[in-house]
Amino acid sequence: MQGILLTFTQIKGDIFKDATKAILDVSVAMGQDLKQSAIQVGKALNDPRIGVSALSRVGIQFDDTQKKMIKNFVNRSINCKSSKNYIK
């Protein structure tokens, strides 16, 4: 799982640690294997603009406040902060 996550170049430091926990949570919640969850979470965190839509398509919901916060961060080109906020 962490090996897959390492292939996403924008995921580093604290976000990497938080992503590992998020992958476990997604696997349990969605009833899927860790590899599939690692790819989904990795793609979402690597590019948050696309990631929110991708996660929504597989059943993970974001409220309007979360969507707005992520959009604002992305618009400011703070992808790492955006990623960290929607992992939690």
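Before the first packing angle, one definition: axes here are lines fitted to C-alpha atoms, for helices over the stretch in contact, and angles run from 0 to 180 degrees between N-to-C directions. And keep in mind that this is a predicted model.

Start with helix 2. It covers residues 13-30, so named as a run of 18 residues. From first C-alpha to last, helix 2 reaches 26 Å, close to the 26 Å expected at 1.5 Å a residue. Its buried residues are Ile 15, Phe 16, Asp 18, Ala 19, Thr 20, Ala 22, Ile 23, Val 26 and Ser 27. After helix 2 comes Gly 31, with a positive phi near 65°.

Next, the partner. Helix 3 is residues 34-46. Helix 2 and helix 3 pack at about 130°, and their axes are 9 Å apart. Angles over 145 count as roughly antiparallel, so this pair is oblique instead. The crossing of the two is right-handed.

Who touches whom? From helix 2: Ile 15, Ala 19, Ala 22, Ile 23, Leu 24, Val 26 and Ser 27. From helix 3: Leu 34, Ser 37, Ala 38, Gln 40, Val 41 and Leu 45. By class, that contact has 10 nonpolar, 3 polar and no charged residues.

Now the second pair. Helix 4 is residues 48-57, and helix 5 is residues 64-75. Their axes come within 9 Å and cross at roughly 155°. Helix 4 and helix 5 are therefore roughly antiparallel. Pro 48, Arg 49 and Val 52 of helix 4 make the contact with Lys 67, Ile 70 and Val 74 of helix 5. The class count here is 4 nonpolar, no polar and 2 charged residues.

How values were computed:
Residues are numbered from 1 along each chain as its sequence is written. This is a predicted model: local features need pLDDT of at least 70, side-chain atom pairs count only at pLDDT 80 or more; totals for chains, interfaces and linings use all residues. Side-chain values use heavy atoms; hydrogens and water are left out. Helices (H or I, at least four residues) and strands (E, at least two) are DSSP runs, numbered from the N terminus. Angles under 35 degrees count as roughly parallel, over 145 as roughly antiparallel, 65 to 115 as roughly perpendicular and the rest as oblique. Contact means heavy atoms within 4.5 Å. Ala, Val, Leu, Ile, Met, Phe, Trp, Tyr, Cys and Pro count as nonpolar, Asp, Glu, Lys and Arg as charged, and the others, Gly among them, as polar. The expected span of a helix is 1.5 Å times one less than its number of residues. Buried means under 20% relative accessible area, exposed over 50%, partly exposed in between (1.4 Å probe, protein chains only). A crossing is left-handed if the near helix is turned anticlockwise from the far one by less than a right angle, and right-handed if clockwise.
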